[in-house]
Every structure is written in C-alpha cells, then in structure tokens.
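Please look over the structure shown here, and then work through the questions below it.

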Amino acid sequence: MCECKVILSLIGCLGGNPAGCAPCPPTGRFTMKISAQLLAVPVLLLGLTACAGSSDAPASAPTAPSVEPAIAETTQAQPTSGLSERGNVMKRVGESASITINGQESTPVVNFVVNGIEVDPKCTNPYAEKPENGHFVTLDVSAETGPREQFQQAFQGSEYMFNPFDWKFITPSGTTANSVASTPAFSCLTQAEQISEMGPAERATGKIVLDVPAKTGTLIYAPGFVDQAWEWKL
C-alpha cells in the first residue's frame with residue numbers, strides 16, 4: 001500500500017495499486033460562483049374606520065378617520081434551486097461544472113462533465129476482483145484544464161487528477177458510505193480506460209470507478225482543495 005500525505009486542507013490519497021498511486025493535488029482555495037435569488041413579497045394590510053353622526057344630533061366638527069398601522073410581511077429567503085439540502089450543486093449527466101480561482105472566474109482552471117454513469121459495469125481488467133461494498137459504479141468523465149498561468153497558480157506545479165478519495169456516496173436512507181475507493185475498484189478497468197492525470201491546457205476523457213453499497217443513492221464529488229461540491233443522483 002502506498003501513502004502520500006499533504007497537510008492543510010487537502011484530502012489524502014490512500015490505498016490503490018502501488019504503481020498507480022498518483023500524487024495528491026496541492027492545497028488551495030477555489031470557489032464556484034453560485035447566484036442566489038432572495039424572494040421578498042411585502043403584504044400591506046390596511047384597515048380604515050369612520051364614524052357617522054345621527055341626523056338628530058347636534059352638528060359637530062368632523063372626526064378624522066383612524067388608520068391602523070400598516071403591517072409589512074416578507075417571506076423567508078428561499079434556497080437556491082440549484083443547491084441540494086447539503087449545499088452541493090446538483091448536476092445531471094451531461095451538465096458541465098467548473099473549478100475557478102477567486103477573482104478569475106472567467107478563466108476556469110478545470111471544466112469537467114460527467115457524460116454517463118453505469119451501475120454494476122462489466123470489469124475489463126483480467127485481474128479484476130469483486131467489489132468490497134457491493135456494487136461498482138463507473139463515471140464516464142470528460143475534462144479540460146485551463147492555461148498554464150492559472151493552472152500552476154492553482155496546483156503549484158502538480159497535475160490534476162480525479163482522486164477517488166474525493167468522492168462520497170449517500171444511500172437513499174441518508175447514510176454516508178465510509179469509503180467508495182477500494183483496490184477492487186481501482187483494478188476493475190484497464191489503465192487505458194481510466195481518466196488520466198492532467199497538466200495545463202489539456203483535454204482528457206476516461207472513467208472513474210467507485211465501490212458503493214447500493215444501486216441507488218447520491219454521488220458527491222468534493223475535492224479537498226475546493227470549498228464547493230457537486231452531486232449526481234443514481
């Protein structure tokens with residue numbers, strides 16, 4: 001077993017094939033801009049009362065009508081429609097996502113798309129093993145990295161990789177799996193089928209294999225160096 005550790009906010013890379021244990025991404029802070037709309041609906045309740053005199057009563061000076069104070073009510077801010085109850089950006093297969101540096105949102109460091117998700121795929125590696133947690137899930141991913149200047153600023157000379165330890169799985173009952181990265185998951189597909197590590201200004205397409213306990217649920221991608229996460233429904 002190989003182990004590479006990075007201090008600060010980066011999640012470690014543990015397990016897997018000794019020959020395939022790639023360097024973990026460096027620390028950094030990136031954000032993905034999320035627009036939130038706050039809905040406010042003021043409601044004014046206005047009551048007016050008036051008094052009328054009897055025709056037999058002595059004339060008196062008119063009385064000004066009393067006016068009840070206006071009551072303004074506003075609705076609570078509604079959650080942004082694109083966020084889950086966990087605060088993650090909800091994505092569908094085929095929708096793109098971006099990782100950007102603060103203040104440089106127009107030039108993403110990484111753009112990626114999950115093109116497809118398959119549960120219980122057929123493993124192609126002759127040395128494949130059965131899943132430890134019950135089911136393999138493969139994600140077909142396409143990614144493109146940004147220009148050298150932003151890329152080096154973000155990853156400090158390291159390459160970018162879709163680390164399986166950056167993924168989570170939540171069952172329909174709400175239970176989070178302890179881990180979705182395993183040696184059997186790493187060895188399910190041949191190296192040529194798995195998405196590669198990437199340098200600046202590169203494009204890549206390949207698969208990620210996760211080891212999950214159920215056929216349905218929620219997959220979450222939450223890199224340790226990013227303060228945003230994305231999720232997909234199975």
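The questions and answers that follow go from the chain as a whole to two single residues.

Q: How many helices and strands are there in the protein chain?
A: This is a predicted model, in which local features need pLDDT of at least 70 and side-chain atom pairs count only at pLDDT 80 or more, while totals for chains, interfaces and linings use all residues. Residues are numbered from 1 along each chain as its sequence is written, and side-chain values use heavy atoms, with hydrogens and water left out. Helices (H or I, at least four residues) and strands (E, at least two) are taken as DSSP runs, numbered from the N terminus. On that basis the protein chain holds 2 helices and 15 strands.

Q: What percentage of the residues in the protein chain is buried?
A: Buried means under 20% relative accessible area, exposed over 50% and partly exposed in between, with a 1.4 Å probe and protein chains only. Of the 234 residues in the protein chain, the buried share is 38%.

Q: Is Gln156 buried or exposed, and which loop holds it?
A: Gln156 is not a glycine, yet has a positive phi of about 50°. Its relative accessibility is 54%, so Gln156 counts as exposed. The loop that holds Gln156 runs between helix H1 (148–155) and strand S12 (167–170).

Q: Why does Ala201 count as exposed?
A: Ala201 lies in the loop between helix H2 (183–186) and strand S13 (203–212), and has a positive phi of about 55° although it is not a glycine. Ala201 counts as exposed because its relative accessibility is 61%.
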